[in-house]
Amino acid sequence: MFRRVAITGLGVVSPIGNSIEELFSSLYAGKSGIRALPEPLSKSSQCSIGAVVDLPPRDDLPKMRLLDRVSQLTLAAASQAVADAGIDFAAEDRDRCGVAVGTGMGGAKTTDEGYYTLYWERSDRIAPFTVIRAMTNAAGASLGLEYALCGPNLTYSTACSSSAVSLGEAAGKIRTGDVDVMLAGGSEAPLTPGVLRAWEAMRTLAQVDDNEPSASCRPFAATRSGLVLGEGAAFLVLESWEHALSRGASIHAELIGYGLTTDTEHITRPTIAGQAKAMRSALRSAGCAPDQIDYINAHGTATVQNDRVETLAIKEVFGEYARRLPVSSTKSTHGHLLGAAGALEFMICVGCLERGWIPPTMHLNAPDPACDLDYVAEGPRSVTPLRVAMSNSFAFGGTNAVLIAQRFEK
């Protein structure tokens, strides 16, 4: 007998807000977090914009000096989620509480600085804590230590779907009764010279809009030219339904569906079949018919191929209903958070279910004719009823992850 999964805590640090209320205020106002980057990040035209969190690095505590920015963002977002859930881990069976983190790049800043010291400055030594700051599971380890959680501590790195996978797999641990509580989500801090240059070399970054740099990311638009990298973290407290009720927790929503598939045709080129299978798998997991989905937060990266493939995959799964189904890409405002994108965008779905409004796809003045769905281009939209929402995350390497949330009916 599988257990239901309640979402009781939400926490976020993002380019458009460092709290849930700030996040949604910015989304509904169409505020963009995309802006010019300082040097040395902005030495080439395509590396001159990004979506930056307004949260300076902390070095006020000894433990903070041991953490890469990706782990600092993790702790900032997760602490909000724990406070929002009102959970006291000291009063819990910590063997039945765990962590799941998704990240694509891990401690990128530490790695970049280490290579600079070694190869540019020609130093014989680099910082002694380089390994523990840069290792991919550093963020998860820091969470486990922060709250003394002795259950599973899992790190998933599947590129842009990393944190969607972390949430889906964390929910699976709860459903099967392995744990009662999981602190799950994702974090990314990829705005370093090396990472930006690497993405630039792939020719996937957006050309800067000279008239309005903040509008450089234009998913589904005929004028789109690529993605804009962003940093940030989003974490959720997931609990078994029984556990949440037993401690009198306030429930935001229920995680009811998860689909996970892998493309095997090309390491970077997405496939309609793989994305469609992931959406269908999530629908089966949720026990939902396609026409029960009220909103999709699209992967919507603003690259030509990705947007067209996702559009066709949605049509394949939803048929004629796809024409009436609101779809939007919030990457147009917060940028692409890579491994943290799935958790942030699923959290946005949860917030939309609570508020009854969905955010627009910004800067969509002239849609690509091949992208002909309802992308909510006119501004935030009130939707009645808004009971079930889907979040798509499709990644390099071919890992497709889809999550479905259902509104909590009090």
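The charged end of Arg 4 lies over the ring of Trp 241, 4.0 Å from its centre. A charge counts as over a ring if NZ of Lys or CZ of Arg is within 6 Å of the ring centre and within 35 degrees of the ring normal. The table lists this contact with another of its kind.

| Charged residue | Ring | Distance to ring centre |
|---|---|---|
| Arg 4 | Trp 241 | 4.0 Å |
| Arg 355 | Phe 24 | 4.1 Å |

This is a predicted model, in which local features need pLDDT of at least 70 and side-chain atom pairs count only at pLDDT 80 or more, while totals for chains, interfaces and linings use all residues. Residues are numbered from 1 along each chain as its sequence is written, and side-chain values use heavy atoms, with hydrogens and water left out.

The structure holds eight aromatic pairs (rings of Phe, Tyr and Trp, the last by its six-membered ring, with centres within 6.5 Å; planes under 30 degrees apart are stacked, over 60 edge-to-face, the rest tilted). The ring centres of Phe 220 and Tyr 375 are 3.9 Å apart and their planes are at 10°, so the pair is stacked. Phe 220 and Tyr 375 are 155 residues apart. Phe 220, at 1% relative accessibility, counts as buried, and Tyr 375 does so at 4% (buried means under 20% relative accessible area, exposed over 50%, partly exposed in between; 1.4 Å probe, protein chains only).

Helix H3 covers residues 69-85 (helices are DSSP runs of H or I, at least four residues, numbered from the N terminus). Twelve of the 17 residues of H3 are buried, so the helix is largely enclosed by the rest of the structure. Just after H3, Gly 86 has a positive phi of about 65°.

Methods:
Helix = DSSP H or I, 4+ residues; strand = E, 2+ residues; numbered from the N terminus. Expected span 1.5 Å × (residues − 1).
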